[in-house]
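Could you walk me through this structure in the viewer, one selection at a time? I would like to know what to pick next and what is there.

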Amino acid sequence: MVEGGAPGAGRRLLVLGAGPAQLGLLRAARTRDLFVIAADRDASAVGFPLADRRAVISAEDEQAIARLAEAEHVDGLIAPGTDWPVAIAARVAERLGLPHPISPDTATAATSKPRQRELLQEAGVPQPRWMFGRSPEEEAIPPPCVVKPPDRQGQRGLSVVHDRQELADAVERANAESRTGGWLVEQLIDGPEITVNGFSLDGRFHTLTVTDRLVAEPPAFGVALAHAWPSEQEPGAIAADAARALGIENGPTYTQIRFAADGPKVIEVAARLGGGHDAELCQAAIGVDLNGAAIAAALGEPIDEDALIARPRAGGACTRFLVAPRGVLEAVDGFMEAQAAPCVLDVRLYRPPGHRFGPLRTGPDRAGAIIATGATRDGALANADAAAERITFRVT
Ligand SMILES: Nc1ncnc2c1ncn2[C@@H]1O[C@H](COP(=O)(O)OP(=O)(O)OP(=O)(O)O)[C@@H](O)[C@H]1O
Ligand SMILES: [Mg+2]
């Protein structure tokens, strides 16, 4: 079902997804002379009001996306913030002869954790020891280890295993969530974690923001509660090497890295903008319009290298996620007050009233986010905390 206003004069961009992870890009697209078509399976997706036309179609339905892109005569496709549609965007772009920053092969590799691990291994990029299993008899990496589906995100089907007895259940969970079958077992890398948001231009990798990923306490595992800039960790060239290993020569990358005692290891590379409002954090921190650069790459427009040069605008910046108590959401109090709090750039709420919040286990269990700046990294976090205190999720 497609509905919405008349086409404008501008170029036509198809955005896969209109949820919280796509909000920033949809907002950035509005400030340009573009006609934006957004596709999301959820008719009440928070980003739909920002699009010129909305298509209530799953961003993961490749046939439907291909038909939509053709019917709408789009000039480019982009899948910000979510993994699976990254490959769909690349394949559909190729099929329609549209420019695209990465090839279908690269995009498909980036959205397969085992394929990505193979390519990183071939290129000698440091990563956890890993094995991809397909049958229960296979000998796994011994605990402590991490078990995950080969092709999911948002911590779906992801478990940390400390004890051999927990392994079988973890494997079953990962296999059940897998789209293509099988599971990945990885050595648990213990140590601080960062995200490198980068952008490649004709094979030259530009490091934009390096943020600390601050994660939730157990029983949650790997769920980010904040991304804070600047990080004190020094990743060196590992994110650039990882992007090159996957064949990413143009466009944005989002690389998760954990620091073990013997150095940094790549947890995962995504050939896209980060889904935790990373591009907006980048703009606030170093003044680089990462959303704009990603849109330009999706439309095949030239990008001036100068646009990727960091010009720090604040001493610190962060995205701090909001967590609601368990229950059915009735209302959110204090939203305006939080927006008006010192150094707050934006407050985003992910769920409408009526949504049922469960325990915090995965990224999609989060209730919203605050983007804030400060004199330092910790100052930004303190400003975001102060704003978060003004918000009350009323649940029953
Ligand atoms: N091998 C590992 N060692 C240590 N921590 C890990 C490992 N694998 C995953 N994690 C933790 O879990 C988080 C999510 O991992 P991963 O990206 O593989 O899963 P995902 O479902 O794709 O999640 P996301 O949507 O956050 O990318 C990581 O950021 C990290 O904190
Ligand atoms: Mg991931």
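A polar contact here is a pair of N or O atoms within 3.5 Å; within protein, one must be able to donate a hydrogen and the other to accept it, and residues adjacent in sequence count only if both atoms are side-chain atoms. This is a predicted model, in which local features need pLDDT of at least 70 and side-chain atom pairs count only at pLDDT 80 or more, while totals for chains, interfaces and linings use all residues. Residues are numbered from 1 along each chain as its sequence is written, chains are lettered from A and ligands numbered from 1 in the order in which they are written, and side-chain values use heavy atoms, with hydrogens and water left out.

**Stop 1: the ligand.** Select ligand 1 and E193: an oxygen atom of the ligand is 2.5 Å from an N or O atom in the E193 side chain. Then show Q256, which has a polar side-chain atom 2.8 Å from an oxygen atom of ligand 1. Alone, the ligand exposes 600 Å², and the protein buries 96% of that (Shrake-Rupley accessible areas, 1.4 Å probe; for residues, only the protein chains shown count as cover).

**Stop 2: the shell.** Now display the 21 residues around ligand 1, of which K113, K148, G154, E193 and E268 come nearest (near means a heavy atom within 4 Å). Strands β7 (145-148), β9 (183-187), β13 (251-260) and β14 (263-270) each supply at least two shell residues; strands are DSSP runs of E, at least two residues long, numbered from the N terminus.

**Stop 3: the domains.** Colour domain 1 (2-100), domain 2 (129-187), domain 3 (192-311) and domain 4 (314-396), with bounds from an automatic or database domain assignment. Ligand 1 lies between domains 2 and 3, because both give residues to its shell.

**Stop 4: an aromatic pair.** How many aromatic pairs does a search of the whole structure find? There is one (ring centres of Phe, Tyr or Trp, its six-membered ring, within 6.5 Å; planes under 30 degrees apart are stacked, over 60 edge-to-face, the rest tilted). Select F357 and F393: their ring centres are 6.3 Å apart and their planes at 70°, so the pair is edge-to-face. F357 counts as buried at 4% relative accessibility (buried is under 20%, exposed over 50%, partly exposed in between; 1.4 Å probe, protein chains only).

**Last stop: a loop.** Finish at D202, in the loop between β10 (193-201) and β11 (204-215). D202 is exposed, with a relative accessible area of 58%.

Technical notes
Helices (H or I, at least four residues) and strands (E, at least two) are DSSP runs, numbered from the N terminus.
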